[in-house]
Amino acid sequence: MAFATHHIIRTLTSSSARNAAIKHVTIIGGGQMGAGIAQVAASTGHTVVLVDTSEDILKKAAKGIEGSLKRVVKKKFADKPEAGQEFIQKVMKNVSVSTDATSTVQNTDLVLEAIVENLKIKQGLFSALDKAAPQHTIFASNTSSLPITDIASSTARLDRFGGLHFFNPVPMMKLVEVIKTQSTSPETFDSLMAFSKALGKNPVTCHDTPGFIVNRLLVPYMMEAIRLQERGHGSKEDIDMAMKLGAGYPMGPFELLDYVGLDTAKFIIDGWYEMEPDNPLFAPSLMLNKLVAEGKFGKKNGEGFYKYK
Ligand SMILES: NC(=O)c1ccc[n+]([C@@H]2O[C@H](COP(=O)([O-])OP(=O)(O)OC[C@H]3O[C@@H](n4cnc5c(N)ncnc54)[C@H](O)[C@@H]3O)[C@@H](O)[C@H]2O)c1
């Protein structure tokens, strides 16, 4: 694991090289998602540069990746601890970190963004990187709720821009939603699908519509569970038990809301409501707004619909 502001210089000489598989990846944002994606990409033989705003955050991300790999190895190499150690070293060699996004993207096949869920900040980042990255480089966002088209509009590479939506925790979750906008070229889309498969994931094709597939179904479902409780038609405990035992879901909607984060759920639904104020599925909830205003964000800070302290 090296702290690198410069990395492998690769020369792309032919057009066939330009269409080659994604091998070298820059991930911007070393938080929960970015670190997870970096781990999976490095484990599947890609070279990865993880970019964030400070060295401290990057050190924490690298430590997190190593810790997560140790857990993987404990299971996968239970009888061969030495081979497990070798695997960790090999994977960590594929990962470097940097605070300098602009110089990092000068030699990369894919820029995958997993920073804060804010349109203006994402646009500002991509606009700057668009000027620095080579022509062949594909840009993708891991946004959960923002239109890829709006993020891409800050660049001049609309045909080489798509969405790659991973799920948390990335090393465990097998799905990737691959999002094409009206401008994403078939070559770009194919490259993103192939990359997702190379990561060992199962990609599905999505259009650039609010929530893509999973969140478009899941968020209105969770909001309806809150409304059901607001109407006094069921307690959160009963609703959770009903969906677990009656529908076979691993978590009830309130447990899931607390896991996702109530602030995140509110951010998503508020954004969709702004886009489609007449859609009753996207209507805000007084109860959710109240909990968030009280600073109850769910599992991550000790209390949401349930208490975790
Ligand atoms: N957490 C989830 O369950 C989940 C699932 C799918 C998609 N997403 C999406 O992934 C993205 C990241 O989410 P997360 O949960 O990993 O967030 P996070 O807060 O854990 O991490 C975000 C990281 O981005 C860094 N960052 C912010 N601005 C930056 C910039 N300009 N340059 C470089 N780094 C910057 C922050 O320092 C932080 O380390 C969001 O768009 C979110 O909607 C999240």
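# Talking through a predicted model

Modeller: Helix 9 (214-230), helix 10 (236-247) and helix 12 (262-275) are among the elements that cover the buried residues of helix 11. Keep in mind that this is a predicted model.

Colleague: Which residues of helix 11 are buried?

Modeller: P253, F254, L256, L257 and D258, in a helix that runs over residues 253-260. Just past helix 11 sits G261, with a positive phi of about 110°.

Colleague: What kind of peptide bond joins N168 and P169?

Modeller: A cis one, with omega about -5°. In general, most peptide bonds are trans. P169 belongs to the loop between strand 7 and strand 8 (175-180).

Colleague: On to N142. Why is N142 called buried?

Modeller: Because its relative accessible area is 8%, and buried means under 20%. N142 sits in the loop between strand 6 (138-141) and helix 7 (148-152).

Colleague: What does N142 touch, beyond the residues up to four places away in sequence?

Modeller: M33, I37, L112, E113, A114, L164, H165 and F166. The N142 side chain also reaches the backbone nitrogen of F166, at 2.8 Å.

Colleague: What makes that last pair a polar contact?

Modeller: A polar contact needs N or O atoms within 3.5 Å, with one able to donate a hydrogen and the other able to accept it. At 2.8 Å, the side chain of N142 and the backbone nitrogen of F166 are inside that distance.

Colleague: How do you know that N142 has a polar atom by the ligand?

Modeller: From the distance: a polar atom of the N142 side chain is 3.0 Å from a ligand oxygen, and the limit is 3.5 Å. Around the ligand, the protein covers 73% of the 840 Å² of accessible area that the ligand has on its own.

Colleague: Which residues come nearest to the ligand?

Modeller: Of the 18 residues around the ligand, the nearest are M33, D52, E117, K122 and S144. For E117, a polar side-chain atom is 2.5 Å from an oxygen of the ligand. For K122, an N or O atom of the side chain is 2.8 Å from a ligand oxygen. By class, the shell has 6 nonpolar, 9 polar and 3 charged residues.

Colleague: How far apart are M33 and A114 in sequence and in space?

Modeller: They're 81 residues apart along the chain, with 6.4 Å between their C-alpha atoms. A114 is one of the contacts of M33, along with N142, F166, F167, N168 and V170, if you skip neighbours within four places in sequence.

Colleague: What about T155: why is T155 called buried?

Modeller: T155 has 10% relative accessibility, so T155 is buried by the under 20% rule. T155 is in the loop between helix 7 and strand 7 (161-165). A polar atom of the T155 side chain is 2.8 Å from the backbone oxygen of A152. Leaving out neighbours within four places in sequence, T155 has contacts with F126, S127, D130, F139 and F161.

Colleague: And what makes H24 buried?

Modeller: A relative accessible area of 3% does, because anything under 20% qualifies. H24 is in strand 2 (residues 24-28), and a 2.5 Å polar contact joins its side chain to that of T47.

Colleague: Last one: which domains does UniProt list?

Modeller: The unreviewed UniProt entry gives "3-hydroxyacyl-CoA dehydrogenase NAD binding" for residues 24-208. In the model, residues 24-208 are 45% helix and 21% strand, with end C-alpha atoms 26 Å apart. UniProt also lists "3-hydroxyacyl-CoA dehydrogenase C-terminal" for residues 211-308, again in an unreviewed entry. Residues 211-308 are 60% helix and 0% strand, and their end C-alpha atoms are 28 Å apart.

How values were computed. Residues are numbered from 1 along each chain as its sequence is written. This is a predicted model: local features need pLDDT of at least 70, side-chain atom pairs count only at pLDDT 80 or more; totals for chains, interfaces and linings use all residues. Side-chain values use heavy atoms; hydrogens and water are left out. Helices (H or I, at least four residues) and strands (E, at least two) are DSSP runs, numbered from the N terminus. Buried means under 20% relative accessible area, exposed over 50%, partly exposed in between (1.4 Å probe, protein chains only). Contact means heavy atoms within 4.5 Å. A residue is near a molecule or strand if one of its heavy atoms lies within 4 Å of it. Accessible areas come from the Shrake-Rupley method with a 1.4 Å probe; for residues, only the protein chains shown count as cover. Ala, Val, Leu, Ile, Met, Phe, Trp, Tyr, Cys and Pro count as nonpolar, Asp, Glu, Lys and Arg as charged, and the others, Gly among them, as polar. UniProt positions are given in the numbering used here, feature names are shortened, and annotations may be inferred rather than shown by experiment.
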